[in-house]
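User: I would like to learn how to read the features of a protein model, one at a time. Please give the general idea first and then the case at hand.

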Amino acid sequence: MNLRRYSELLEVSSGDPDDARRRQLLNILLLGLAVLTLLTILITGTVIAAHMANPDKAALLAFFVSLGALAAIGLVFAINHYWSGQVASVLFLLMLTIVVALSDEPRQVVEGRSVFLFTIPILMASVILRPWASFALAGLSSLVIATLALRLPEYVPPAPTMLGFFAFAFVAWLSARSLESALKDLRDINRELDQRVEKRTQELQVANKELARANERLRELDRLKSKFVSMVSHELRTPLGAIQGFAEMLQAGIYGSLSKKQEDALERISKNTRRLLMIVNDLLDQARIEAGELSIRPTVFSPSDLTEDLKSTVGVLVERKGLELTTEVADDVPDSLYGDKERLHQILVNLTDNAIKFTDEGGVHVHICRPDGKHTSHWAIEVSDTGPGISEEDEELVFAPFRRVDDSMTREHIGVGLGLSIVKQLVELMNGEIILESEPGQGSTFTVVLPLQPEQRRTV
Ligand code: ADP
């Protein structure tokens, strides 16, 4: 049996917490006494066994008295455990008083060294029975010593001792009463706390349910919003494409020659339609990513194709700004890579477009390479510029949708703040990551790190 089972043995189930506590206390006292009695039985038993031929009378008496005491303790324990704590306590206190009364010579019990032993049952009565029971035990003890005093040759009424018993009973009563009222207060506080916790838990459950409903509503709204944006963008793309096409045909002179003014106007129509188309495309991509509708379609491609396509897409822009665009594919990058070439082109154009847009002097360098450090089975696209750079606090912000750095440089350029957000999400869809290193005034480097396919890892 482990310690827990022993402590369960001491516990008594009762509807009244005070009764349960008193009965448990009585069990503890009984257990202590049982251990002491067992020890006495063991010691006296050994002494008797050692002098078998001529056993010591006192040892014999102590042995049998202890056996009787053990049986009585067992009986009280059983009554306390299975029937009534009060009956068991009364029985126990009576037995204790009898033991005290018989523990010494009558004179010693009445006025000598053993008189103080009566205080033990008086004190116990106040805690295992009722606080006022200490007075009953003081009365019983007084009765016992008065009766014993009668048997002494010279009878002196033990009035001071009796008074002492009552004084002690008063102190025991006072302390037991305050202990009980403190325990009651504690129980009340506990009950109140339990009620409060239960009430709060219920409130929390209600709030949680409401929150879940609100979340569901928000998700639904979000789905609707994405659907709406994707529908509108899709519908806008066709007429915008037509405007762009007709403008280009007009510019090409298909519908006759144009005056300088008409050419200028057409140039502006064309430029703004391009911008609008870009914004609409970004909105469509963002909505598709949010709706989980955008998928990656990998094929085999050459890294140099990426840089060549980039040059033809942004070449005019670079020239117009008088910047220099350099590209480089490192030797250790495999000749053929596996990935969604269209989307990689979109990522590269977006990063380079930004670099060109925000750089006034110097140039933009695109480097396709193998990254150092922890990314050993990866390849990377680095886009560096000599532009204004991005401060540390804005580094996180620039990747959030519809967020732009609030400075004069940004305000000069058209954009809705979706480019980098789409780039980041695309890179994540490809199981890669995007790293931004920048110092204000020193330019920026965006590095897109992507995993190599397993077969490519083996060949490099
Ligand atoms: P947009 O270009 O439409 O504003 P982006 O998401 O592409 O949106 O970029 C967000 C912001 O990040 C930009 O408005 C700009 O302030 C900042 N940014 C992006 N690229 C650079 C760069 N190369 N140099 C300096 N700032 C940049």
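Analyst: The dialogue below goes through domains, helices, aromatic pairs, salt bridges, a surface patch and one backbone angle. The model is predicted, so local features require pLDDT of at least 70 and side-chain atom pairs pLDDT 80 or more, whereas totals for chains, interfaces and linings use all residues. Residues are numbered from 1 along each chain as its sequence is written, and side-chain values use heavy atoms, without hydrogens and water.

User: Into which domains is the protein divided?

Analyst: Domain bounds come from an automatic or database domain assignment. Here the assignment gives domain 1 (3-196), domain 2 (216-290) and domain 3 (299-456). The centres of domain 1 and domain 2, taken over C-alpha atoms, are separated by 98 Å.

User: How should I read a helix, and what span should helix 11 have?

Analyst: Helices (H or I, at least four residues) and strands (E, at least two) are DSSP runs numbered from the N terminus. The expected span of a helix is 1.5 Å times one less than its number of residues. Helix 11 (residues 341-358) has 18 residues and should span 26 Å, which agrees with the 26 Å between its end C-alpha atoms.

User: How are aromatic pairs described, and to what number does the count come here?

Analyst: A pair of aromatic rings is described by the distance of the centres and the angle of the planes. Rings of Phe, Tyr and Trp (its six-membered ring) pair if their centres lie within 6.5 Å; planes under 30 degrees apart count as stacked, over 60 as edge-to-face and the rest as tilted. The count comes to 6 aromatic pairs. One of them joins F118 and F165, a tilted pair with 5.5 Å centre to centre and 50 degrees between the planes. Since F118 lies in the loop between helix 5 (106-111) and helix 6 (119-128) and F165 in helix 8 (residues 159-251), the pair ties together parts 47 residues apart in sequence. Both F118 and F165 are buried.

User: What geometry do the rings of F135 and W173 have?

Analyst: The ring centres of F135 and W173 are 6.0 Å apart and the planes stand at 50 degrees, so this pair is tilted. F135 belongs to helix 7 (residues 133-150) and W173 to helix 8, so the pair ties together parts 38 residues apart in sequence. F135 is partly exposed at 28% relative accessibility, and W173 is partly exposed at 22%. Ring pairs also link F135, F170 and W173 into a cluster.

User: How many salt bridges does the structure hold, and what separates R21 and D18 in helix 2?

Analyst: An α-helix has 3.6 residues a turn, so residues three or four places apart point the same way. A salt bridge is a side-chain nitrogen of Lys or Arg within 4 Å of a carboxyl oxygen of Asp or Glu. The structure holds 24 salt bridges. R21 and D18 form one of them, with the closest N and O atoms 2.9 Å apart. These two residues are 3 residues apart in helix 2, which means a separation of about one helical turn. R21 is partly exposed, with a relative accessible area of 22%, whereas D18 is buried at 16%.

User: Which residues form the nonpolar patch on the surface?

Analyst: Patches are made of residues with over 30% relative accessible area and no salt bridge; like charges are joined within 9 Å and nonpolar side chains (Val, Leu, Ile, Met, Phe, Trp, Tyr) within 5 Å. Accessible areas come from the Shrake-Rupley method with a 1.4 Å probe, and for residues only the protein chains shown count as cover. The nonpolar patch consists of L31, V35, L36, L39, L42, I43 and V47, with about 630 Å² of accessible area together. L31 is found in helix 2 (residues 17-50) and is partly exposed at 44%.

User: What is the phi value of N431, and is this residue buried or exposed?

Analyst: Phi of N431 is near 65 degrees, a positive value in a residue other than glycine. N431 lies in the loop between helix 13 (419-429) and strand 6 (433-439), and counts as exposed at 62% relative accessibility.

Note on methods: Buried means under 20% relative accessible area, exposed over 50%, partly exposed in between (1.4 Å probe, protein chains only).
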